[in-house]
Structures are given as structure tokens and as C-alpha cells.
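This report goes through a few local features of one protein chain. Please look over the sequence and the structure before reading on.

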Amino acid sequence: MSFAIEVPGEAAPLSLFELGKALEAATISTDHSQRQSASQQLQSWESHPDYFPSLQTIFLDKSARREIRYLAIIVLKNGIDRYWRPKAKHAIRPAEKQLIRSRLLQGSIDEEDRAFALHNALVTAKIVRIDYPDEWPDVIPTVMNIARTSKDGNPVHLGGALLVLLRVVKELSTARLARSQTALQNVTPELVQLLGEIYTEKTAYWQEFLMKGKGDEDDADYAMQNSLTALKILRRLVVVGYKQPHADTMVQGFWSLSQTQFDQFLNGVAHDSWIPIPYQDTVGKHLVQFTKLHIQMCENHPVSFPILPNSISLVRAYWSLVKDFAQVFEKSDGLKQTASEAGNTKHEGPLSEKLALKGLLLLRSCVAIAYRPVQTFKYRSQETRELEKQAVHVIKVDLLRRELLLDIVQVIISKLFVFRKSDLDAWEESPEDWEAQERTEGEAYLWAIRPCAERLLIDLLMNYRELGQPLLRYCELATKVDMDIVTKEAAYCALGCAAAIVQGEFDFDRFLTTTLVKDAQIQDPMAKLLRRRIAILLSQWVSIKIATQNRPVVYDIFRHLLNPGDAHNDEVVRITAARQFKCIAEEFEFLPDAFLPYAADYFNLLISLLQEVESDEAKLAILETVRLIVTRMETHISQFGDAIMVTLPKLWESAATEEYMIKQSILAIMSALVMAMRADSQRYQPVIMPLLTEAMNPESPLHLHLIEESVELWKSVLMQSTVPLNPDLAQMVQLALPLLEYDSEVANQCLEIVKNYILLSPQNILSDTFRQPTLSALSKTLDSNSRDQASLGAKSIELAIRFSHELGGSQGVQCVVQDLLDIGLLRTILEGLHSAWESAQTTGPNRKPSKISTIKETDYFAILARILVADPGVFVTMLSAFGSPLDQVWPWLSTQWFSNFDCMGDIEREKLSVIALTRLWELPNPMQDLVLHRLQDYLSTWTSVVTELADGEEGPTSDSLVWTGELASFDWDTPLDVQERRFAAKDVTHSVATYEFIRVRLQDMVQRVGGEAAFEQGWAVNVDREVLTGFQKLSQPVPQE
């Protein structure tokens, strides 16, 4: 078969021979350049016809080398993910899909190598998820037929068929589309019946072989493998394939079978087992599948679980299993979490501990049924609601009885909280990894007994508060001085879990000062266990009940636990203390003044620990605690700032390129330090800016990872900077401009940074180097989909126009306006406004739509108003560039401007536009006659805005926006706040009284047209009397009551 297809450039033509060579070079070659070239060649073929069928052909060729076949199926699997869907770029053609589908099952059914059969099954499942049932409706019936015909025949074919079914059911059960879920539910009954037969037959065969020696050993091995695979499929089907599993007789039968065989298999792996040791591992896997079935049924079908046959007895049996294991818990080797070859997480350890853990998880799920029902918006019939009530009742009344609850609490705190030798070995083998796994906010409870027992105890205490009393009695007994450290550590663990429950009955402050202080100083080979637990215990109680006067005692204990000079404070103790002190520092009653005497020691100890630890997770925890202390210390942190800022750059340099999370934390601490030290932090800018520049550099590999923290730090630095800015800091503005084009929170923050630069360093922004790039970047934000971003962009342009006038007068305004013309913004503004005007002139179904919204229209008029307020002559010159004479532009522009007043919704914007439009009255003809022709619009708008601005107590011509007297100041003001307020005070909206401003220019116009009589006869006569009267009333004194 020839697959020769010419490809562009220097790429080789696609053929089976060339593809085989490329796969061989990519896997077997020892030359890195050859492997890289082969990988590029394979990528270049991805968009060409027949590439993926050719990969399948090579995989199916059993004469090919194993490495080549393996890479072929992996590349095919990756290609299915990227190119199988019809809308994908370079999607696989229908004819190629049909060819691939026609040979898929062959790759698992006829494959003796189980690894290859598994990968082919994965490919099949991915395709089934997309194509079933529409494009490939017969795939599941076909596999079922193969399984049915081979269950008494070839065990390899049966194993391959079951493997395909397992992966297909896994894929369809996790699909979110209702189509896939419904398709799986439709075939579930037939599948369950078939798989139930296979499972029963194969289990009976290997049981007969193991108990009586009947049959063939190889056949028994195949039977065990196939029964395990069938059980895996059945477990998923009965959970996801039925809406009400309890109502189906097959599910009820399988549920009962699972309990019977769970008991049989459990006896089979006991010490006096009837199952030979080589087979016990596989039988144990069957048991684990049963436990998963029971837990998932309880979690996914809380209504069905209590109703299914003997479910309550099943849970009690699990508790008996847990209780039996608790007797040997102290001697168990524990479970270890490892990574499999496929990258999945594996948990290795004694089967008895795995089963006991599943029992605890099942009990937690039962408590959740009773007290944490699943909330849903789906319609539920009256029958369903009654079943839910019945399920809750069964769990509460029949299962969670007082004697069982007391038994659980007693076993947990006396047996399962005990620190084992295996725990200590894991602690000492890898201290940092062990500490990270054991932290309370992790997911260790899913695979470790102690954390899971803690969660179960907390669940019970939260819902059965009366259990706090027996627990408290045990803790009081166990914490006596003569108790051994292991028992005392377990009691402290229980006391931490019960903190919220026993706070009223337990005097923790007295316990803290009389017992914990002494226990934290015990000198014993096992003292480190107790010290770690004390740090956790204090973090659990601090937000519940520790008196303010005892906070220094807590600070003393943690300082002692962080001390590396004490041999019993090993790495785990100090990392735990550092991690848990975060809870102490973030607590509401943490007072900077009270902590100040301890702060220096804490920073030294934490920074010293930071330099010792190796894992990123531990470093991040310590850095987070440092950041929180810096934040909570507020201005008191200034005396420690130098020491912190000496350490952070060193830590930054020592972090590898890929350790971006460490650098994120460093930037966060710097940001907190800057905000806490306020203006005093400016002395650290020479240290901060190189790190910021590196993080904000688009070419840096860290740029995307650090951008959020970098922008936050940059904002903080600018907020706390006084004028004039550090020259290097001022030059950094160019790094923010490219980021303004995106609709994201980072873009909003960068826009705020640019606005702050305009306020703090206007000379630099308005220089020839930065002026046009800044205005160009700001102009693009006006089209943003984010309203906040567009509004802030418009206000930033307004600031630039104001500063151009303040620093350069008329010439400065001309430069900015010319730049706005050059970048096309003013043309965009006028075209948009003209579109809005045209839309307003038409009505009905044929109305011409406006290109801009009224909100954007208001932003546009604000920018024009700023130009007009700064220099009306420059404004008129600018208008002339778009239409000469002026009467080509002014009539429609003024009409739209006056009509926009009703849409502004902001009195400051209204006042700005009134003052801007009124400034045109200062100009001679031709502008003079143009504005007089709009006299009625002017008088009406003047009256409306002046009335809205009026302060009722000071008369109708007063202006509530005018700031008088000294500027307000607040304790929390930053230098940026002060600069912004000072500049705002100079704005016409806050420095000019509107009515007086209008009156002066109106009187000047009256004189220029020949006096009041001429003005009345020539212009005012055309104004409605009501409008004139309304404006004249503004000057009349308010009648006294």
C-alpha cells in the first residue's frame, strides 16, 4: 500500500516506510538532533491525509519493533485529541475516520501485550466519546458480542473486549453532555447482565481452582484478570448508569453479591487464608473495587444507598473492620503515596489499612447523607422527596446510634490518633514531604488513616455536640503530666478537632499557661511529636478562645518552636510552626503593638528557616507567613524592612527559572512591605525595580507567571511614591503600554498604572519619547469590552490633556491634539458621534443604527470638552480639519452634544461640558454666530445644570462641586492620593463656579453684539419664553421664609 504524498518545503513525502523511519529515529536514535528532526517531521505530517491511518497500520503490524509500535499508538492517541472533532483545524477526513474505526477493536482484541491493548483501548474510548451514538452507533453492541462469544473461548479476546468496555464506560461516565450520559444509560441494563454473567463465571472458575485445584493455572490467571476488569466496569455502571439504582433488580442482586463476596474474599486474605499468597494481591484488588462501589454509591446516590439491601449492616461491618484494624494500627506500616509509570497516584501498603481507610470514608459519606444533603435545582417529585426523608431517617435512626457514635469517638482518639513508628520513619526519611502531606488543608485524608479519622471526628462533633463531653474527659485524663508523649499527642489532636465544641466547658487559657508552656519545653527523644502538635493545636484554638493577655504566651511558644538551637525542634517542627503561625497572625485580635517585641526574632527565625528548606511548598508556606506578618504589622514594619529587603533579592536570585511560585511570593511580600511602610518604602525602589523589570519583560520566561503579582507590586510602588519619580521608575511606563490592549484584570491594573504615571510624572509622559505611544495605547482602551477599562482610558486621556495645558499652555495642548489627530483618535471620535447623530435623525424599522453606545458617546464628549476647556481656539482649529467652513461640523456636533446631557448621569461630566461649551462664547465669528444660533439649547442646559449644582442653603447660583478652604486629608492617604487630590482641586469642575462663569461670558457676548436691546431683538427673541424665564430666575434672590 502506498501512502506517498508530497509535502511542502524540505519535508519528506509521507509513506509507510518514511513514517517508520521517523518513528524509529524519534524513539531509538541516540543522536539528539536526529530525534528532534524526526519529531519535527512527525509534526509536519499531522495536517496531511492518511497520516493517522498510517500510524494505526504501523501499530497493528506486530512484526514492527516494540518501541516503534508504542510511539505510533501514543502519537495516534494525541492526534485524536487534537484533530478528531469535525471543527478542529486540519480535522481528520470522514473517510480516514471510517478506516481508523474499522480497525480499532482489532488493536485490543487480538493484542496479547496488555500495555498495547490498553493504549489502543484508550484511543477507542476517546473516539467513542465523540462519535457514539451518532457516527458509530454499533461500537458497544459489537464489543458486547465479542465479549459474549469469547467468554467461554479465547481469554485474550475476552480480556481485550473487557478492556475496551472499561475505557469506554470510563469516558462516557465522565462526559458532561446529556447525549453521552443518556447513551450510556440506554445500554447499561444489557451491559450489566452480560458483565454479571462473565464476572460470576470467571470468579467461580478461579475460586474452584484455588479451593479444589480444579482447572488450568493459566486459565485461572486469565479468569482472575477478567473477573477484576468486569468488576471495575460493573462498579461504574451501577453507579452512573441508573438514575435510581435501588429500583433495579439487577443492581439489587449485584449489591447483595458484592457484600457476600466481600466477606468471602476478606476471609481469603486473612492469616489462615484458603487463597495462596501469590493470588492474594489480585483478590485484594477485588476487595478494593467492592469498597469503591460502596463508597461511590453512598456519595452519588444518597437516596438509594440506605434503601439497597443490607446497606446499614454493611456500614456496621465496615466499622467492625476498622475497629479490628485499630487494634494493630500502631504496628501497621502505613500507606505510602507514589506515582505510577503512567503518572497516576498509587497508594501502596497493607491491604487491611486500605480497607479500614475505605471504612472511615464510607462513614463520612453516611454522615454527609444525614447532615449535608446535596442541594439541587432539579425538579423532584413528591415521591423522590419522601425517599430522601426516608434515607436521612434511616441513617440517623438505624445507623448513627449513640452507642456506635461513642464507640467511633473512643476508637479514633485512643487508637487511630496514635503516632506510629511508620509515621516517625516517614517523618525522618523525608521531613519536608511528610510535613506537606500531613497538613490539615491537604487531601491526605483520602489516602491516610489519621487525617481521615480527624475529618470523621470533626464531622461527628459538629452534628453531635454531646460527644464533646466524653472526648473532653479523655483529653483531661490523657494530658496529665505522667502520660507518655504519644498518648498526649493523640489527646491534643482530639482537643484541636473539638475546639469549637468544648470551648464553653474547657478553660483553654488556663491550660495554655499551666500545661502547654511546660509541654513545649519537654526534653525527650519524642518531644518533637508533641511540639509539632502544640503548634497545630494553638492555630486551631486561636480564633476560638485565647484571651488577649495570653497572646504573648502564644508568641513565646512559637518563637521557642522556631528556634533551631533546640535539638528537638527539627525541620518538621519548625516548618509546621512557621505554617501555623499564619493562623495566629491573620486572627482578628492580632495587635501589632503586642507583637512588636517579638517581630525581630520572628523575621530572623523565618528567614533562617527559609534558607534551610529545599521544597518549594515549604518555602511558599514560610513566605506566606512572612507576607501576612508584614501586612499585619502595618507601619511598625519599617524597622525590619531593611533586613527583609536584603534577603528577598538573594532568594530571588537563588530560585531557578521554573520556580516561579517562589518569585510570586517574593513580589507579594514586597508589595505588602511597600504598602505597610508607605512613603518610607521609596528607599527600596532601587532594589525592587530590577526585579519588576525582569518580571514585566515580555521576553522573560517568567512574564506570564509573574504578571499579576508584578502589576500589584508596581501599583503599590507608584501609590507610595512622591513627586518627582525615580528616573528609572519613570522609564518603566513603556512596559505597561503593550498590556493595555487586552480585556483582562491585568490590563485594567496596567491602565491604572499608566494613569498614575500621568499624575506623578507628567513631564516624562508628555515628552516626545512617550507622548504619542501613551496616547495611542490609551486610545485603544476606549474600544474595550470592559466598561471600567474604557472609562479609565478616557479619564487618563483627559488627564494628559489637562497636564499638557498646565505644563505647556496652548502649545502643549496643540502637541497633544496633533498626536490625537495623527493616531486617528479624533477622527474615530467624530465619526462615532456623527453616527450617533445620524441614528437620532431616523426612526422606525429603517432607523440607522449608531456605531457607539451612549456611554461611549459621553466618554468622547468628555475628551472633546477637555480640549475645549484648555483652549477653545485649538478646538476650533481641530474641527476645521474635519470640515471647513465650521458650519459643516458644528450644527450636528452641537445637536448631539446637547442631547447627550440627558445620558451623562454624572454631574461632574455635565459641568465639564457646560464650561467647555460656554468657552466657545469667548470666540469671535464665525464661532460667535454659530453658538448664538444655539442660544435656546445653551439657556436650557445652563438652567438645568446650574440648578442641579445648586446648594439649597446658599442659593440657586451656588455650586456644590466647588472646593473651598483647605483640602481634606486622611490618615490613610498615600502620596498618590495627595497628588491626585491636589490636581483635582485645580480642575475647573472644582475651582470654577458655574453660574458666575456663564454670567461673565454671557454679558461679554451681549456687549459684543451691541448691548441688551440688540441681543434681545437679534437672538433672545427666538428663544421660548419659558426657557428665558427659567434662566432669569437663577439670578433672583431666594425669598426669605
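Pro-926 sits in the loop between helix H45 (907-919) and helix H46 (927-932). The model described here is a predicted one.

A cis peptide bond also joins Val-723 to Pro-724, and its omega is near 0°. Pro-724 belongs to the loop between helix H34 (703-719) and helix H35 (727-731).

His-90, which is not a glycine, has a positive phi, near 60°. His-90 is placed in the loop between helix H4 (66-83) and helix H5 (94-104).

| Site | Angle | Value |
|---|---|---|
| Val-723 to Pro-724 | omega | near 0° |
| His-90 | phi | near 60° |

The next topic is charge. The count of salt bridges in the model comes to 59. One of them is formed by the side chains of Arg-101 and Asp-131, with a distance of 2.6 Å from N to O. This pair links distant parts of the chain, since Arg-101 is in helix H5 and Asp-131 is in helix H7 (residues 114-131), 30 residues apart.

Charged residues also gather on the surface. A patch of negative charge there is made up of Asp-216, Glu-217, Asp-218, Asp-219 and Asp-221. Of these residues, Asp-218 lies in helix H11, which covers residues 217-240.

How many cavities of 30 Å³ or more does the count give? The count gives two. The second largest cavity has a volume of about 30 Å³. Its lining includes Ile-607, Leu-610, Leu-623, Val-626, Ile-644 and Leu-648. Helix H29 (592-612), helix H30 (616-633) and helix H31 (641-654) are the elements that each give two or more residues to this lining.

How values were computed:
Residues numbered from 1 in each chain as written. Predicted model: local features only at pLDDT ≥ 70, side-chain atom pairs only at ≥ 80, totals over all residues. Heavy atoms only, no water. Patch = residues over 30% accessible without salt bridge, like charges linked within 9 Å, V, L, I, M, F, W, Y side chains within 5 Å. Areas by Shrake-Rupley, 256 points an atom, 1.4 Å probe, with all protein chains shown as cover. Salt bridge = Lys/Arg side-chain N within 4 Å of Asp/Glu carboxyl O. Lys, Arg positive; Asp, Glu negative; His and termini not counted. Charge placed at Lys NZ, Arg CZ, Asp CG, Glu CD. Helix = DSSP H or I, 4+ residues; strand = E, 2+ residues; numbered from the N terminus. 1 Å grid on protein atoms, 1.4 Å probe; cavity = no way out; pocket = protein on both sides within 12 Å on 5 of 7 lines; lining within 4 Å. Points joined across faces, edges and corners; volume = space filled by probe spheres on them.
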